[in-house]
Amino acid sequence: MNIPKYSRAAVVREFKKPLEIENVQIPETIEPEALLVKIKKSSICGTDIHLWQGNLNLDIPLPVILGHEMVGEIVAIGENADRDSVGQPLALGDRVIWAHADCGSCHYCTVEKMPTLCTNRRQYMYETMEEHPYLMGGFSEYGYVLPKSGRVKVPDSVSDSLASLCSCAFRSVMHAIRQLGEVKHTDNVVVQGTGPLGLLAISVLKVAGAAKIIAIGAPENRLAIAKEMGADEIISIDEVKDVNERIKQVLELTDGLGPDIVLEFSGFPGAVAEGLQFIKKNGKYLIVGQLSDGETTIQPSLITKKNIQIIGSYSGDISDYHLALKFVEMHQDRFPFHKLITNEYSLDEINEALTNMKNLKEIKPIINIGG
């Protein structure tokens with residue numbers, strides 16, 4: 001394949017300003033264990049919006065190529081990069097999704113066995129496009145898979161759009177529920193937030209065999225999908241605006257005890273205080289959606305008096321990407337994953353797509369780059 005010298009990419013040079021489509025250098029040589037891919041599709045994540053708006057509690061070295069949920073077709077293979085992270089052979093033309101690059105030698109990689117917390121982690125979308133290997137974002141014609149980035153071959157039956165969904169949103173869900181541990185057939189579960197992560201989590205909880213799944217969120221179209229994904233009950237925050245009334249409804253739906261498990265995917269800081277109010281004694285509270293710099297006030301004594309286990313979950317490692325792809329491959333006929341994909345845009349329409357996502361007009365829009 002004739003590889004050009006430059007890749008068209010959507011670049012953030014200043015927070016809150018429209019992105020520009022720029023020509024970004026493509027590396028002339030591919031390092032051992034690295035890949036060069038032609039990006040086919042890249043979905044928009046809520047974190048993309050937070051970065052674009054400057055709302056992440058991180059030091060971002062602008063300019064960056066935005067986007068980190070991508071699927072690409074291999075166009076160049078570095079030495080010793082002919083197998084993916086689960087042992088499957090890779091060849092030119094294969095589709096892959098890939099993870100952030102973990103160092104493999106720090107305390108968190110080796111002792112804790114938690115590469116998502118790697119001290120030296122290199123993350124796509126968070127590195128400047130002005131330094132090698134330049135192509136560190138998803139809204140680009142080409143992407144570079146770092147030597148230490150895990151990568152997984154996409155099954156033939158999984159579409160580009162659903163594969164891109166697995167490369168962040170679904171792998172985060174898989175990682176979170178893996179940390180949560182066993183979901184028993186007697187467990188009542190509340191999912192706070194009906195964005196992509198919350199909706200995907202509902203399907204996993206349904207397969208796990210939860211007794212009752214209650215989804216809290218909005219707007220109405222997302223709640224309808226929540227039902228299709230397996231939610232037994234829904235509570236609309238548009239219709240039930242009073243927090244105390246929502247707490248009352250949750251308790252009524254759980255025999256006055258509260259849910260055994262609460263999973264927070266909303267991203268709204270106030271949801272945490274609300275969840276602590278209605279969770280059952282001796283319950284588990286899994287918090288995934290809190291990445292912004294927002295604050296809230298909680299009553300810490302509830303944690304003690306109720307004997308609550310609070311679990312934070314961040315990102316996912318390459319095993320979670322693999323699990324997400326396998327779940328979609330196995331269950332795409334049962335759950336309407338495709339309904340989370342609400343629109344497709346070209347690379348040149350990136351600002352329209354981001355604005356619509358920011359204004360909650362989309363659930364999971366796709367940037368169709370080379371699909």
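The questions and answers below look at a helix pair and a cavity in a predicted model. Residues are numbered from 1 along each chain as its sequence is written. In this predicted model, local features need pLDDT of at least 70 and side-chain atom pairs count only at pLDDT 80 or more, while totals for chains, interfaces and linings use all residues, and side-chain values use heavy atoms, with hydrogens and water left out.

User: Are helix 4 and helix 10 roughly parallel or roughly perpendicular to each other?
Analyst: Helices here are DSSP runs (H or I, at least four residues), numbered from the N terminus. The axes of helix 4 (residues 169-180) and helix 10 (residues 318-331) lie 8 Å apart at an angle of about 105°, where axes are lines fitted to C-alpha atoms over the stretch in contact and angles run from 0 to 180 degrees between N-to-C directions. Because angles of 65 to 115 degrees count as roughly perpendicular, helix 4 and helix 10 are roughly perpendicular.

User: Which residues line the largest cavity?
Analyst: A cavity is a set of points on a 1 Å grid over the protein atoms alone where a 1.4 Å probe fits but cannot get out, and lining residues have an atom within 4 Å of a point. The search of the whole structure finds one cavity of 30 Å³ or more, and the largest cavity has a volume of about 30 Å³, a volume being the space filled by probe spheres set on the points, which are joined across faces, edges and corners. Its lining consists of His 68, Met 70, Trp 98, His 100, Tyr 124, Ser 167, Arg 171 and Tyr 321.

User: Which residues of helix 4 make the contact with helix 10?
Analyst: Contact means heavy atoms within 4.5 Å. On the side of helix 10, the residues include Tyr 321 and Phe 327. On the side of helix 4, they are Phe 170, Arg 171, Met 174, His 175 and Arg 178.

Key: Helices (H or I, at least four residues) and strands (E, at least two) are DSSP runs, numbered from the N terminus. Angles under 35 degrees count as roughly parallel, over 145 as roughly antiparallel, 65 to 115 as roughly perpendicular and the rest as oblique. On a 1 Å grid over the protein atoms alone, a cavity is a set of points where a 1.4 Å probe fits but cannot get out, and a pocket is an open set with protein on both sides within 12 Å along at least five of seven lines; lining residues have an atom within 4 Å of a point.
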